[in-house]
Amino acid sequence: MSGDMILFFILASLSVIFSLLVIFPRNVVHSAMALAATLFFVAVLFLTLDAPMLAILQVLVYAGAIMILFLFVIMLLNPAALEGRRIAWWTLGSLAAVALLLELVSLFFYRPSPSGQPPVAAAFGGPETLAQSLFTDFALPFEIASVLLLVAIIGAVALAKREG
Amino acid sequence: MAPLNYYLVLSAIIFAIGVAGVVIRRNFIVILLSIELMLNAVNLTFIAFARYLGSMEGQVIVFFVMTVAAAEAVVGLAIIISIFRHRRSLDPREMQLLKW
Amino acid sequence: MMEQFGLLRFIPLIPLAGAALNILFGARLRPQFAGFLACGAVALSFLVSLAVFWLLPASGVFRDVLFIWIDSEPFKAQLSFQADALTAVMLLVITGIGLLIHVYSLGYMGDDEGMTRYFAYLNLFVFFMSLLVLADNLLLLFVGWEGVGLCSYLLIGFWYEDHTNTIAGNKAFIVNRIGDFGFLLGVLLLFWEMGRQGVWTLNFSELERAAHLLRPESVTLITLLFFAGATGKSAQIPLYVWLPDAMQGPTPVSALIHAATMVTAGVYMTARLHFLFSLAPATLAVIATIGALTAFFAATIAVAQNDIKRVLAYSTVSQLGYMFLAAGVGAFSAAIFHLFTHAFFKACLFLGSGSVIHALGGEQDMRKMGGLRRYLPTTYWTYLVAALVISGAPLTAGFFSKDQILWQAYASPNGSTQLWLLAWLTAGLTAFYMFRQLFMVFHGACRVAEPAKARLHESPAAMTVPLVLLALGSIFAGWLGTPDFMWGSVWDPWLQSVLGVQEAVDDAAPGGELFLMALTLGIAALGFLLAFLLYGRESRVAERIAATTIYRWLAHKYYVDEIYDCVFVRPFTACARWLAQIFDPGFIDGFVNGVASTIRAGSLSWRRIQSGDVQHYLFAFLAGTLLIFAYLLGR
Amino acid sequence: MSDLSLLVFLPALGALGLLVIPRSRNSALLQAALSVALLTFLQSLWILYRFDPNLGEMQLVERLAWIPAYGIDYFVGIDGLSLFLVLLTTFLGPITILASWTIRERIKEYLFFMLLLETGMLGALVALDLFLFYVYWEVMLVPMYFLIGVWGGPRRIYAAVKFVIYTMAGSLLMLVGIIFLATRNFQVTQRLTFDLLRIAHLHLPYDEQMWLFLAFALSFAIKVPLFPLHTWLPDAHVEAPTAGSVILAAILLKMGTYGFLRFAIPLFPEAALVAAPFIAALALTGIIYGAMVAMMQEDLKKLVAYSSVSHLGFVMLGLFTFNLQGIQGALYQMLNHGLSTGALFLIVGMIYERRHARMIDDFGGLWKQLPVFSSFFLVVTLSSIGLPGLNGFVGEFLILLGAFEVSPLWAAVAASGVVLGAIYMLWMFRRVVFGPLARPENQRLQDLNSREIFMLAPIVGLIFFMGIYPQPFLSRMKSSVRLVIQRVESQKLAVPLIRGEASDEEKAARGN
């Protein structure tokens with residue numbers, strides 16, 4: 001087993017563990033922290049897939065900005081009541097999720113997977129190439145995305161503002 | 001290097017966990033977190049395919065997904081705040097006006 | 001021989017214009033002016049009718065075509081008028097007597113607040129009635145036919161604030177409609193039967209030329225249907241019930257519409273279609289029988305009535321029965337002759353009774369009258385003349401016209417002894433009830449209550465002058481048609497151009513006719529005598545008679561109204577009520593709503609799965625996704 | 001844009017124009033709507049002027065491709081069958097707007113829907129493309145739904161929903177029928193079209209005709225309404241605002257009978273011939289039944305509604321005689337019913353506005369207080385009971401004439417409906433207008449104002465004109481009616497074959 005594979009399995013198992021930790025704890029803060037960890041490990045996985053730029057964005061924007069926002073909200077609301085857990089509902093949900101997983105996996109193995117990665121240019125996944133795509137082929141969606149963000153900000157302000 | 005399917009299976013696992021969280025948990029914030037989990041699983045798939053196909057489009061899409069996810073998180077959280085103000089609760093079972 | 005005569009259209013149109021002016025602008029004019037306008041319109045119309053009468057050549061026909069009314073091939077009806085001898089006579093009656101009654105109304109209705117409306121209706125009636133007699137086809141005749149019914153309806157209910165009046169109006173219209181149902185079907189049957197022979201028409205002269213083409217059984221059916229219409233309009237058994245109630249209207253209306261003109265429309269129609277009726281001996285037999293029965297039956301009722309106008313109403317029914325008896329034995333000319341004379345004396349009687357009612361301030365019960373001869377001399381004398389005429393006093397109009405009918409009923413090929421016997425008995429009854437009335441109203445002690453008695457007065461000239469004219473007419477109108485052994489008839493030749501030559505009576509010996517005349521005079525005298533004995537003197541016999549069972553039966557008109565009510569009206573309304581209140585909302589709408597509520601109940605139970613919990617929906621969504629994937633995998 | 005399209009879209013354009021007028025300016029809105037309706041009426045007069053009375057075929061046609069992929073055209077035209085219904089619609093347009101003068105709430109939306117409704121009705125009358133017709137047919141529903149549901153009486157929601165669902169249930173079957181026809185036509189001619197005139201050439205086998213006829217007939221019969229599908233009508237009439245009732249009675253009901261004449265009969269003549277006795281039986285039942293039920297109604301609007309069932313029975317009877325008198329009479333009777341029943345609803349509306357009551361027992365003796373009102377009422381009542389000299393008689397007589405040719409029994413039963421008509425109308429009239437003016441509320445009523453006289457006078461004028469001089473109407477209908485009759489007549493020989501009564505020789509002859 002090569003070093004790459006060992007690295008992959010370590011990262012994979014870590015992200016799965018932390019994913020599970022997102023959904024299990026009763027305390028919401030713990031969930032949020034686990035999600036941040038998961039995002040970090042996935043960012044590392046991005047690096048192994050020659051996507052350094054996105055890995056950086058993932059850490060900065062996602063694990064950083066968005067998760068902070070979550071934490072702020074959690075602290076702002078400070079929900080005291082903890083939810084009750086019904087075994088039946090949990091079993092049902094988990095079984096469905098497992099079934100989904102099995103189905104997805106068997107779909108992937110429907111066809112043989114390409115082995116090995118084709119060689120790519122050194123700059124692949126770097127800021128220049130990403131920017132190149134974004135500002136040429138995807139210029140219009142890019143602009144629309146900016147509008148979307150603006151609308152989201154206004155919407156959030158409007159929603160969260162106290163009336164009166 | 002790990003084969004493509006490994007990445008896909010990993011993302012499927014994370015996705016399934018996210019689905020389980022969305023369905024099972026009775027807390028809006030955790031549901032929102034689980035959705036982020038699912039989005040990330042999908043992102044991973046995109047990036048894996050981008051690498052194996054040697055095309056930048058996958059990465060660009062992930063960029064946009066992040067943008068959308070940010071917007072979604074912001075608006076979603078704002079809605080949660082708004083709901084919480086009215087209901088003093090984050091339990092989705094309390095919000096059942098849209099029945100029957 | 002047809003001649004265009006453009007003046008014809010003005011006979012109906014002038015009264016129509018009068019009515020229209022009164023309706024549209026009457027509110028802004030003085031009520032008195034409305035009366036003069038109406039009288040003027042009818043007077044003009046009368047002048048034109050006179051001109052028509054004068055200018056009409058023997059056996060000639062005037063025509064006046066306006067435009068095609070309805071054209072739906074092969075059906076075609078024109079709006080066009082024709083005047084022959086029969087029409088001319090009718091026109092004179094309508095506009096002449098109509099004019100007198102209009103003038104009379106000026107006095108009678110002088111202080112009524114609805115005078116404008118009254119005269120508008122009256123003019124409208126003259127319009128429709130002259131339309132009826134001027135029509136040159138059946139459909140246009142039907143317009144007039146229903147139109148006069150409308151005016152009758154409006155005028156019976158003229159004092160609309162009293163429910164009995166408007167109910168009587170409704171009864172008149174509806175009973176007439178029932179008759180018209182038959183009439184209309186007759187028109188349809190005639191049209192298609194003629195069409196089957198290749199003649200598509202409803203025009204009288206064309207029908208007359210083609211009448212022989214019809215199959216005998218269809219002629220019988222057609223004429224029976226027409227006669228059904230006539231029983232409604234002319235108040236014969238079984239549809240006579242509306243006419244006595246129609247007396248609720250103002251008395252001049254009773255005189256004009258319910259005695260002189262409208263009710264004779266059935267007789268006119270029979271005469272107009274004589275060419276069809278004479279082809280149907282079975283129908284003629286029915287007509288003669290019903291006519292004779294009605295004459296007798298109504299006369300028996302008349303003897304027990306106490307309302308001054310009801311006596312006259314049943315008398316009218318009875319006299320109309322005479323006319324149909326004449327028509328039924330094929331003596332159409334005699335029928336029209338009696339129509340003509342009847343118009344004078346019955347109008348005179350009604351107007352006289354109107355004068356009495358007017359003087360008494362609206363009282364109609366004869367038991368509260370008596371001795372009025374001293375207070376209303378002119379009315380009394382004219383009433384006496386008319387009563388003599390209707391009873392058939394020698395050398396008066398009623399004498400000649402009624403005897404002609406009796407003679408024909410006996411001697412004509414369609415006649416029989418039984419018919420004559422009924423008519424003969426009726427003649428006696430007529431004299432009895434007329435003089436019973438005369439004695440009760442004008443003779444004996446005055447039984448009028450005190451406040452009214454002080455105001456007793458003779459009517460104004462506007463009312464008495466028409467009375468006198470009509471009384472004179474009642475005497476002399478009959479001299480147009482005397483029997484052959486006197487100076488003969490100018491009437492029959494005049495109408496022969498329309499009605500054809502009457503079949504000669506077999507036993508044409510004048511002795512037979514004279515003998516029958518004597519018999520009739522005898523029974524009429526007997527009737528008079530009986531009336532005098534019972535009612536002419538102060539006696540208690542009348543009260544004892546009034547207590548008998550048979551009298552009660554007669555006074556209640558044999559309970560016919562009650563029987564009709566039980567047999568027809570109540571079951572029908574009960575059925576309608578059941579349909580309206582139970583069947584329609586319960587069954588028909590119940591089925592519709594039942595379908596709806598079944599679906600609703602199903603939906604109500606199904607909607608439970610919409611729990612409102614978003615995670616249930618998510619789970620369902622997930623399950624669906626799983627199924628789709630499973631399907632894709634399994635393929 | 002051709003004359004017809006201008007006519008159809010004028011009200012809709014007017015409705016859009018209303019949107020720019022501020023809602024606070026009530027009278028400006030009303031005046032604008034009135035002028036649009038008047039303009040539409042003028043345009044329809046222009047069409048009447050351009051109409052060639054001798055032609056039976058479609059006139060003033062206009063055809064534009066609309067959805068070419070499915071062979072759907074914007075195809076309109078007018079002939080003797082639709083001409084006067086179009087005129088009736090535009091004639092009543094201004095009158096119904098005048099009748100709405102006293103509405104205060106949401107007047108803008110109200111007028112918008114009224115004008116939209118007019119476009120829907122005119123479109124349905126001139127549409128010659130089946131799909132286009134269906135669109136207009138459904139377009140009519142929507143404004144009516146709102147007119148009843150928003151401006152109606154206390155049970156307006158119930159009535160509006162019942163009206164829409166009932167009608168919709170029928171028309172969906174018709175949509176299936178239309179699609180089937182178009183595909184059938186495509187199979188035969190290899191040309192996908194919804195063009196009525198082309199599809200009319202299609203010769204369908206008998207059993208297909210029968211199913212399609214039933215689908216179309218159900219939709220139209222509900223609209224007519226033919227007994228026993230009539231129960232939505234009283235509810236809708238009672239709850240609808242005055243103008244809504246007027247339009248409903250005067251025009252929407254005619255869409256059903258018009259549909260029979262324009263679509264169901266010419267497209268499926270064999271089926272129509274076979275179905276004729278059954279439909280006539282239902283029509284006759286409706287005549288008698290409607291009259292008897294009307295007699296017992298206490299609510300004026302319900303009474304008039306049931307009288308419509310009776311009158312429309314006459315129209316249906318006339319249509320299914322398949323002769324010139326019957327169909328001409330039926331067309332004429334459609335106009336008559338539109339005028340007289342429309343006027344009756346106007347009259348009931350006028351009295352309701354004054355008294356806020358509709359029960360017969362609430363009135364009595366109105367003549368004393370309201371002579372002008374009562375006189376109009378009288379004329380309209382007489383028109384409704386078919387008094388000769390007024391319009392109703394001409395129609396009824398022609399229908400009876402036509403029916404008698406087919407079966408004297410039909411004519412006899414129908415004629416007894418004439419008698420019943422007199423009974424219930426006069427009884428109602430007597431109880432409302434005659435008698436003592438007993439109730440104190442009624443003693444303060446005001447007689448008609450000039451606006452109301454202006455609404456009724458044209459109708460009454462037409463009632464007289466159509467009774468005295470019907471020829472201008474009848475002559476313009478004649479040629480088109482002839483074409484329909486020819487189409488049915490050509491199938492008459494086939495009917496014995498369908499019933500299995502034809503001899504073998506005949507079958508052989510037909511086979512060749």
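This is a predicted model: local features need pLDDT of at least 70, side-chain atom pairs count only at pLDDT 80 or more; totals for chains, interfaces and linings use all residues.
Helix α13 (residues 324-355) of chain D packs against helix α15 (residues 371-384) of chain D at an angle of about 150°, and their axes are 9 Å apart. Helices here are DSSP runs of H or I with at least four residues, strands are runs of E with at least two, and both are numbered from the N terminus. Axes are lines fitted to C-alpha atoms, for helices over the stretch in contact, and angles run from 0 to 180 degrees between N-to-C directions.

How are the two oriented, roughly parallel or roughly antiparallel? The angle makes α13(D) roughly antiparallel to α15(D), a label for angles over 145 degrees, while those under 35 count as roughly parallel, 65 to 115 as roughly perpendicular and the rest as oblique.

Which residues meet? From α13(D) they include D:L344 and D:I347, and from α15(D) D:F376 and D:F377. Contact means that C-beta atoms, placed from the backbone, lie within 7 Å. This helix contact divides into eight nonpolar, four polar and no charged residues. Nonpolar covers Ala, Val, Leu, Ile, Met, Phe, Trp, Tyr, Cys and Pro; charged covers Asp, Glu, Lys and Arg; the others, Gly among them, are polar.

Next, chains A and B. Their contact takes 71 residues from chain A and 59 residues from chain B. On the chain A side, α4(A) gives the largest share, twelve residues. That side divides into 54 nonpolar, 14 polar and three charged residues.

Last, chain C. It has 26 helices and three strands, and its C-alpha atoms fill a box of roughly 125 × 65 × 55 Å along the principal axes.

On conventions: residues are numbered from 1 along each chain as its sequence is written, with chains lettered from A and ligands numbered from 1 in the order in which they are written. Local features need pLDDT of at least 70, side-chain atom pairs count only at pLDDT 80 or more, and totals for chains, interfaces and linings use all residues.

Key:
Two residues are in contact if their C-beta atoms, placed from the backbone, lie within 7 Å.
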